[in-house]
Amino acid sequence: MKKESIPPSSSPSDEDYMRECLSLARCAAEQDEVPVGALIVCRGQVVARAYNTREQSKCATHHAEILAIEQACRQMGGWRLPDSTLYVTMEPCPMCAGAAINARINRVVWGTDDLRAGAFGSVVNLCDLPLNHKPALSGGVLAVECRAELADYFRRKRKPKTKGNE
Ligand SMILES: [Zn+2]
């Protein structure tokens, strides 16, 4: 496979950033949230780090990607995030894929595909819509690790509850 440009050897790889997303996902799991972690890199700088907080915040939109995009917009001082890459442990859902497109994110990199709600190819591909911005897509980065993190979480959730909370 031919690469467009060879980054300096010191710059982190997609795998490096995905590993950081995995630790963010673990923070979510520790707080009893579905473990999805996301970060945004703009011109070599991490400008946002987030994880899913839907349960704690009791808010349907608080997916990791949305929180990361909001943070990055604040950080960059505008709604456009040019020259940026969104990394996330699971393929974005339609809401998050739409937000990434709206924020003009250049590239979206994810770990495991989401066969139930993935909106960058698994169920639907929002990039097939006639929109004037389409991020480059790369899925499957550390897919095994990202899938295992989710599987562990759901396995723990299925165990009989001992704390009496529902
Ligand atoms: Zn989402």
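Me: What do β1 and β2 form, and how many residues sit between them?
Reply: They form a hairpin with two residues between them. One thing to keep in mind is that this is a predicted model.

Me: Which residue in that turn has a positive phi?
Reply: Arginine 43, with a phi of about 45°.

Me: And how do β1 and β2 pair?
Reply: In the antiparallel sense, over six bridges. Within that pairing, alanine 38 stands opposite alanine 50 in β2.

Me: What about β1 and β3, how many bridges there?
Reply: Five bridges join β1, residues 37–42, to β3, residues 84–90, and these two strands run antiparallel. Cysteine 42 faces serine 84 in β3, and leucine 39 has tyrosine 87 as its bridge partner in β3.

Me: OK, zooming out. What's the strand order in the sheet?
Reply: It's an open sheet of five strands in the order β2-β1-β3-β4-β5, with mixed pairing. The edges are β2 (45–51) and β5 (136–138); each has a single partner strand, so one side of each is left without a neighbour in the sheet.

Me: How much are neighbouring strands turned against each other?
Reply: By 15° on average, ignoring direction.

Me: Which helices lie across these strands?
Reply: Helix α3, residues 64–76, lies across β1, β2 and β3, and runs at about 145° to β2. Helix α5, residues 143–158, lies across β3 and β4 (107–112), at about 60° to β4.

Me: What does leucine 39 touch, beyond its neighbours within four places in sequence?
Reply: Leucine 39 is in contact with Tyr17, Glu20, Cys21, Leu24, Val46, Ala48, Arg49, Ala68 and Tyr87.

Me: Which residues touch the most other members of the largest nonpolar core?
Reply: Leucine 39 is one of them, along with Ala38, Ala68, Tyr87 and Ala100; that core has 42 residues. Two or more residues come from each of α1 (14–30), β1, β2, α3, β3, α4 and β4.

Me: Which element gives the largest share?
Reply: α1, with seven residues.

Me: You mentioned α4. Which of its residues are buried?
Reply: Helix α4 covers residues 94–102, and Cys96, Ala97, Ala99, Ala100 and Ile101 are buried there. Their cover includes α3, β3 and β4.

Me: What's going on with the arginine that follows α4?
Reply: That's arginine 104, and its phi is positive, near 60°.

Me: Now the whole chain. How many helices and strands?
Reply: Five helices and five strands. Starting at the N terminus, they run α-β-β-α-α-β-α-β-β-α.

Me: What size of box do the C-alpha atoms fill?
Reply: Roughly 55 × 30 × 30 Å, taken along the principal axes. The radius of gyration is 16 Å, which agrees with the value near 15 Å that a compact globule of 166 residues would have.

Me: How much of the chain counts as buried?
Reply: 36% of the 166 residues.

Me: Last one: among contacts between residues at least 6 apart in sequence, what share join residues at least 24 apart?
Reply: 56% of them.

Notes
Residues numbered from 1 in each chain as written. Predicted model: local features only at pLDDT ≥ 70, side-chain atom pairs only at ≥ 80, totals over all residues. Pairing = 2+ DSSP bridges. Helix = DSSP H or I, 4+ residues; strand = E, 2+ residues; numbered from the N terminus. Axes fitted to C-alpha atoms, helices over the stretch in contact; angles between N-to-C directions. Contact = placed C-beta atoms within 7 Å. Buried ≥ 20, exposed ≤ 12 C-beta atoms within 10 Å, placed from the backbone. Core = buried A, V, L, I, M, F, W, Y, C linked by C-beta atoms within 7 Å. Rg over C-alpha atoms; globule rule 2.2 N^0.38 Å.
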